[in-house]
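Please have the sequence and the coordinates open side by side while reading. The paragraphs below move from the whole of one chain to single residues and to the place where two chains meet.

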Amino acid sequence: MLFNSLEFALFFPIVTGVYYLLRHRGQNLWLLAASLFFYASWDWRFLPILATTMVVDFYVAGYLEKLAKMEAPERKRKLVLAISMGANLAMLGFFKYFNFFIDSFHSSLLALHISAPINTLNILLPIGISFYTFQSMSYTIDVYRGELPAARHFLDFALFVSFYPHLVAGPIMRAVDLLPQILSPRHTTRQQVLDGIHLMIWGLWKKMFIADNLAPLVNGIFSETAPSGFHTLMGVYAFAFQIYCDFSGYTDVARGVAKLMGFELVLNFNLPYFSTSPQEFWTRWHISLSSWLRNYLYFPLGGSRDGEAKTYRNLMITMLLGGLWHGAAWNFVLWGAYQGTLLVIHRALQPRLDKMFDFRAAPARAASLTFRILVMFQLTCFGWLLFRASSFTQIVTMTASLLHPFQQVDKDLALQVVGYAGPLLVIQCWQYFSEKLMFLANLRPLELRIAAYSVLMYLMLFRAAKPQAFIYFQF
Amino acid sequence: MRLSSRALLRIVTCAIVSVLTLELCARIDDWIGYGAPVFSLSYNENRLYEYDQLGKRSRPNARYRKWQLNSVGSRGPEVIDGGTRILCLGASETFGLYEPEGQEYPRQLERELNARLPDGHFQVLNFALPGMPVPVITTRIPEIAAAVHPRFALIYAPVATYVWLPDLNPLSSAPRDHFEWRLAELVRNLGKQLIPERLQDKLRERDIQQSLANLGRAPFERLPQENLDRYRSDLEELISTLRRYQIEPVLVTHATRFPPEPTTADWPMLVAWRRFEPLLREEGFLPMERSGNDILRQLAAVDGLFLVDAASRMPAGDRYFADFVHFTAEGSRQMANILAEELAPHLAPDQSN
């Protein structure tokens, strides 16, 4: 059930309408039932896998808390935590990475001229498994660290894991942020209703008008055997906006739906293409994942505490695993390695870069800011080439095409990319300089805001392309 | 919860602002896409027509959405000097509704003929108009002949326009222009995409019943013989007019999306067709088509006319037909191929002239 489907257009008002009629416990039960129905609408066979995650982490976290109260030895607590981590990662590994590793192992053997009859399995990838597994793991780790009391009721915890707005594509909520909202009664404020409606319209517009219209254009270019340099450039730019609008559009709708029921989900995207450095990019792009990786991987590895060399190592490990989180394919690993390398280089050069771009005069500061944003955008786009490519050969061919002078400029193609991405960029410039992400929601008078929403509605209802599945569902 | 009159006024104002903004967006969208005037009362297919005492005809250089007429009023590029000109006469199937620009069958036929007979320099001129009945086509032949001097005329005339004979009478003046919401058509189209097929069928059936009530007549099981006779006599008149202007008529039988033995799966499409001709019951459409095509075959045999039996050669199904009779781009390609294959040997000697 996609957010941009007729089914969801029926599901959402029914669920929200009944939700408003119920009291707190009833609301939680109703939401849990709705969330499980929502998840089962993709494929009911996914439900036992989700349920296993819920059961394992609920009982392990409860036991961890009990052990902490009994002042059990740290070793024993670590062992219990390891059981939970092992179970979660084993499920994720089996459903998502089993065939990838088997394939890679087989290819390595063949490269060594060893033939072995190894077969892959026909495994169904449960939608959103990477998202809810990370979320559930964060809960157990937080309970282990003593940052959060274990949930008393299984149904509350089950709702925390399965809460439908963010179940299949995030944002990945930490238990400390979401569980308290589930446990205490919620009152939807007027501002939440206004912001929720705004986020839903804004998110659907990005998804239906921009991402879905750019999708056929991107698919066309990435299926060319030898695209020209200009086509590659346009294809990569178009993909940059497609993936951003697709993913951030989804999370905007998720946050909007949650707000309408009185929940607050974390901000997941904060104008990422206005970043001036790789480090800043990761504080603006998929914020919930980068926070998760920082809290549960980078810091436990030592973070930046043990000298530069170890910091670089930790950055590379974090980004490599972050890349692999996105999918069972080597181009995601390569993308992670590229992002890690950018972070390492930036960290190494940061003192010099800070000095180089330290201007006093306002025009020079503005020019420097624009320059850094543009350079960072190009670096990000090259990363998207690695991310979107379907083979190493394609990466090489498309990269090589960018290095040659462009022979021909396809004006229609450029116009299409600008036509879809341009309006967003204009609005985002406004958001960036006014530092108001919700600027549309704050337009005055109300009639002007209604007119602005109507324009967005027009574009998404009457100028939308054929609906496409959200890209991040595959992760 | 009671709404104060002030709040109610605010809600109504917002609703009005929203509708007006959506309408303005639709108008700007039409202007960007098709150069349509933003502030005209209406924007519909009537922009393609003009009227005189003989009835409807195409308006030279008119444009409506993707449909663009040239300076002589035919759909397609300007007529160029020299070569062999072939007229395509008919209604919406020939004019082209669903195909992208340049993919309607007359344009594809022109490319096919020029590929098969490179020395022919064929120009296929699409003088069809949606809903154009045969008598109106006939009245326009003298001016078309004077303007473009064609050698051949392909007649692809649907018999379905003969279900309700008063439709054949030419309108001598344009329908009055009145305000139309551009948004309304967009909403209708969106509805068609979103509303389940079954519900759409029910709505169509309701429309049919409403139309019948308005006409105040009982529907026919079969097209009356009187109507078929009128079809025959109108075609004879058209043929003789063409001959009078030294234009050789070529008859083309009328194809539909339906297989020779329709199944229950074809029923909704028959209902959709009947919505345009409510007086004839669904069961009567295919026999009507067979009768119409028999008339064409008989006329060809009696008058020694060249006939292309497209009805028996066009494959059925939605790959070729976007609805009951209108072609998809693939259907138009198929139709053009059939016509070119049959016409090329017939036209070949003409190249020596």
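What follows is a walk through this structure, beginning with chain B.

The model is a predicted one, and every value given here was computed from it. The secondary structure of chain B comprises 11 helices and 9 strands. How does the radius of gyration of chain B relate to that of a compact globule? For 353 residues a compact globule would have a radius of gyration near 20 Å, and chain B, at 22 Å, agrees with this. The C-alpha trace of chain B, taken along its principal axes, extends over about 85 × 45 × 40 Å.

Turning to the interior and the surface, 49% of the 353 residues in chain B are buried. Of the contacts in chain B that link residues at least 6 apart in sequence, 73% are between residues at least 24 apart. The accessible surface of chain B amounts to about 17,300 Å², with 55% of that area belonging to carbon and sulfur atoms. As for charge, chain B carries 41 positive and 46 negative side chains, and a distance of 7 Å separates the centres of these two sets.

B:Pro224 sits in the loop that runs between helix 6 (197-215) and helix 7 (225-244) of chain B.

The next step is the meeting of the two chains. Here 11 residues of chain A are in contact with 15 residues of chain B, and between them the two chains bury about 1,300 Å², of which 72% is on carbon and sulfur atoms. Within the area that chain A buries against chain B, A:Glu447, A:Tyr458 and A:Phe462 supply 44%, which is more than any other three residues.

A:Ser162 belongs to helix 6 of chain A, which covers residues 154-162, and A:Ser162 counts as buried because its relative accessible area is 0%. Which residues is A:Ser162 in contact with, once its neighbours within four places in sequence are left aside? They are A:Leu32, A:Ser35, A:Leu36, A:Leu50, A:Met54 and A:Leu167.

Conventions:
Residues are numbered from 1 along each chain as its sequence is written. Chains are lettered from A and ligands numbered from 1 in the order in which they are written. This is a predicted model: local features need pLDDT of at least 70, side-chain atom pairs count only at pLDDT 80 or more; totals for chains, interfaces and linings use all residues. Side-chain values use heavy atoms; hydrogens and water are left out. Helices (H or I, at least four residues) and strands (E, at least two) are DSSP runs, numbered from the N terminus. The radius of gyration is taken over C-alpha atoms; the globule rule is 2.2 Å times the number of residues to the power 0.38. Buried means under 20% relative accessible area, exposed over 50%, partly exposed in between (1.4 Å probe, protein chains only). Contact means heavy atoms within 4.5 Å. Accessible areas come from the Shrake-Rupley method with a 1.4 Å probe; for residues, only the protein chains shown count as cover. Lys and Arg count as positive and Asp and Glu as negative; His and the chain ends are not counted. The place of a charge is taken as NZ of Lys, CZ of Arg, CG of Asp or CD of Glu. Buried area is the accessible area (1.4 Å probe) that two parts lose on being put together, summed over both.
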